Amino acid sequence: MVSATIRQNLDLPGKAFGLSSTYVALGVMVLLWGSSWPVTKLALQSVPPLWLATVRFASAAVCLCLYLALRGQLRLPTRQDLPIIASVGLLQMMTFTGLGMVAMVQIDTSRAVLLAYTTPLWCVLVAWLLFRQAPSRLQLTGLSIGMAGVAVVCSPAELDWTRPGTVKGALFLLLAAVSWALVILHVKRHRWVTSPLALAPWQMLLAVVPLAFAAWLSEGWPTAVTLDTRLLQELFFIGPIATSACFVISAEFGRRISTFAMSTVTLGVPLVGTLASCLAFGATVSSLFVVGLGLVVAGVLVSALAVRPGRA
């Protein structure tokens, strides 16, 4: 009786929230995701990057397991879902996050979040190269505009190429965006047997194993890490809140709007990340960066317009 009541209460968001409340929930997701970038930058001052990625997904997986168990939806994945578990776990969660956190040690947060969220542009390019899906003129226009923005942000006039690790950090972020693009294209083609939310903890646990092994090989055991109150708060925000809670919001509410609308909503993440970084670290952005940011955002919007319902 009690468990049934709990499951009923947990299912209320899917029944009681209208379209306006859906956008409110997605807005909260964007705020949390965007602000998680400067919080991650702060945590990287105490925890090595690969160990931080390991802790992030380990804690998020535990929270999602508890959430699904309370809803009566925690179950082992089927054989048909193993490819998507491997794809999301190893490419999006392990590769995207691992490369992103290593790069953030070398590059400031505003540029890191912008380069990481160029993923929609790479989706157009990867689909063209790997799946022979010729882009439309509108997609090519968006791709050209967005890549011009990437070139501006990565140019020597904006990034100090003489500083050790800067070029490697930028390349890591672009590779991370490409790996996420591959996952998005796979997700569109996968025949789902189990819901994405129910598969998420298994994908996270799969990412934890190679991340922990890579962290042990390259960074050693994190014996010098001091778990003070500030670091525990940062870890809690990065893992249980900005990862597991945002994944629940995305799975529960993201499917209620169109792909175009969801692409537009997620454009807020680099904008929030840039603003939060400036507020957190007292940093400023150059006019050239603003131009690059505007070009990337415009390119993603134009690319998303090309896939609106009713367009070829």
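This is a predicted model: local features need pLDDT of at least 70, side-chain atom pairs count only at pLDDT 80 or more; totals for chains, interfaces and linings use all residues.
Residues are numbered from 1 along each chain as its sequence is written, and side-chain values use heavy atoms, with hydrogens and water left out.

The chain has 14 helices and 0 strands, where helices (H or I, at least four residues) and strands (E, at least two) are DSSP runs numbered from the N terminus. Its radius of gyration is 19 Å, close to the 20 Å that the globule rule gives for 312 residues, so the chain is as compact as a globular protein of that length; the radius is taken over C-alpha atoms, and the rule is 2.2 Å times the number of residues to the power 0.38. Along the principal axes, the C-alpha atoms fill a box of roughly 65 × 55 × 35 Å.

Of the 312 residues in the chain, 47% are buried, a term that means under 20% relative accessible area, with exposed meaning over 50% and partly exposed in between (1.4 Å probe, protein chains only). Among the contacts (heavy atoms within 4.5 Å) with a separation of 6 or more, 90% come from residues 24 or more positions apart.

Helix H7, which covers residues 119-131, has 13 residues and reaches 17 Å from its first C-alpha to its last, close to the 18 Å expected at 1.5 Å a residue; that expected span is 1.5 Å times one less than the number of residues. Which residues of H7 are buried? They are Thr-119, Leu-121, Trp-122, Cys-123, Val-124, Val-126 and Ala-127, and the buried residues of this helix pack against helices H6 (109-116), H8 (137-153), H9 (166-189) and H14 (287-305). After H7 comes Arg-132, whose phi is positive, near 55°.

Another place to look is Glu-252, which lies in helix H11 (residues 229-253). Glu-252 counts as buried because its relative accessibility is 10%. Leaving aside residues up to four places away in sequence, Glu-252 touches Tyr-67, Arg-71 and Leu-197.
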